[in-house]
Amino acid sequence: MIELYTWTTPNGEKPVIMLEECKLSYEMHLVDIGNGEQHSDRFKAINANEKIPALVDRSMGGYSQPVFESGAILIYLAELTGKFLPQSTRHRSQCFSWVFFQVGHTGPMIGQYHHFNSAAPEKIDYAIERYRKESRRVLGVLDGHLANNAYLAGDYTIADMMHYSWARIGLKELAEDGEFPSLRRWAETIGARPAVRLGLEKLQTAKDARG
Ligand SMILES: N[C@@H](CCC(=O)N[C@@H](CS)C(=O)NCC(=O)O)C(=O)O
């Protein structure tokens with residue numbers, strides 16, 4: 001059985017989407033990061049970095065496989081199932097380029113923008129402007145690529161799953177009406193996928209059940 005440790009955040013949504021896309025059975029364990037549950041000894045044993053998401057695969061026979069970092073989790077599941085990761089080195093490396101672009105740029109820039117603009121106790125104009133500008137640049141990079149491509153790396157892959165939740169937030173918080181049209185078209189396509197809808201619904205239902 002696969003155990004997923006997650007929460008209702010953009011990084012936490014990615015593995016739920018992938019698990020649903022792969023039709024794998026899994027147990028969802030919510031880790032309320034607002035309450036500091038990511039710092040518990042039990043969770044630290046799974047992810048020493050004390051952040052969601054993390055996964056433990058107990059279906060490996062003699063041992064349990066812990067995996068942390070959303071990118072590593074999606075690659076693990078793609079290798080396990082043979083799905084959503086191209087086979088050829090050429091196409092696989094394109095997919096990894098966009099996966100790592102998400103890990104290094106899309107997530108951190110939009111995440112920092114969101115933090116400084118909406119959560120920080122003090123308004124620091126320099127930080128807000130720095131991350132606003134860089135986030136918008138990243139949204140532009142994605143939009144430019146998607147103007148000529150249906151998905152980020154050939155067919156629908158883990159690169160798209162890595163980006164979906166962050167793109168949704170970026171478009172909501174950082175884009176003017178009608179801006180980044182190709183990214184919007186792509187986000188609507190991904191958001192309409194039954195597995196994406198089901199995964200996000202399950203995650204929200206699990207959180208609501210916690211009260
Ligand atoms: N690069 C990591 C980022 C993970 C991350 O930042 N998780 C956040 C939630 S989206 C978290 O656990 N925050 C709690 C904390 O920082 O204490 C990944 O992609 O998995």
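**Entry 1: the model.** I noted first that this is a predicted model.

**Entry 2: the pocket.** I looked up the largest pocket and found a volume of about 990 Å³. I counted 30 residues in its lining, and T9, P10, N11, I33 and W166 lie nearest the centre. Which helices each supply at least two residues of this lining? I wrote down α1 (10-21), α4 (89-119) and α6 (158-174). The largest share comes from α4, with 8 residues. By type, the lining of the largest pocket divides into 8 nonpolar, 14 polar and 8 charged residues.

**Entry 3: the ligand.** Where does the ligand sit? I found it in the largest pocket. Around the ligand I listed T9, N11, K14, I33, Q38, H39, K51, I52, P53, E69 and S70. T9, N11 and I33 are in this list, and they are also among the residues nearest the centre of the pocket. I sorted the shell around the ligand into 3 nonpolar, 5 polar and 3 charged residues.

**Entry 4: distances to side chains.** I then checked N and O atoms. An oxygen atom of the ligand is 2.4 Å from an N or O atom in the side chain of K51. For S70, the side chain has an N or O atom 2.7 Å from an oxygen atom of the ligand. On its own the ligand has 510 Å² of accessible area, and the protein covers 75% of that.

Entry 5: I kept a reminder here: most residues other than glycine have a negative phi, and most peptide bonds are trans. Is the peptide bond between I52 and P53 cis or trans? I found a cis bond, with omega about 0°. P53 belongs to the loop between α2 (41-44) and β3 (54-57). I52 and P53 are both in the list of residues around the ligand. Next I looked at E69, whose phi is positive, near 80°. E69 lies in the loop between β4 (65-68) and α3 (70-81).

How values were computed. Residues are numbered from 1 along each chain as its sequence is written. This is a predicted model: local features need pLDDT of at least 70, side-chain atom pairs count only at pLDDT 80 or more; totals for chains, interfaces and linings use all residues. Side-chain values use heavy atoms; hydrogens and water are left out. A residue is near a molecule or strand if one of its heavy atoms lies within 4 Å of it. A polar contact is a pair of N or O atoms within 3.5 Å; within protein, one must be able to donate a hydrogen and the other to accept it, and residues adjacent in sequence count only if both atoms are side-chain atoms. Accessible areas come from the Shrake-Rupley method with a 1.4 Å probe; for residues, only the protein chains shown count as cover. On a 1 Å grid over the protein atoms alone, a cavity is a set of points where a 1.4 Å probe fits but cannot get out, and a pocket is an open set with protein on both sides within 12 Å along at least five of seven lines; lining residues have an atom within 4 Å of a point. A molecule sits in a cavity or pocket if more than half of its atoms lie within 2 Å of its grid points. Ala, Val, Leu, Ile, Met, Phe, Trp, Tyr, Cys and Pro count as nonpolar, Asp, Glu, Lys and Arg as charged, and the others, Gly among them, as polar. Grid points are joined across faces, edges and corners, and a volume is the space filled by probe spheres set on the points. Helices (H or I, at least four residues) and strands (E, at least two) are DSSP runs, numbered from the N terminus.
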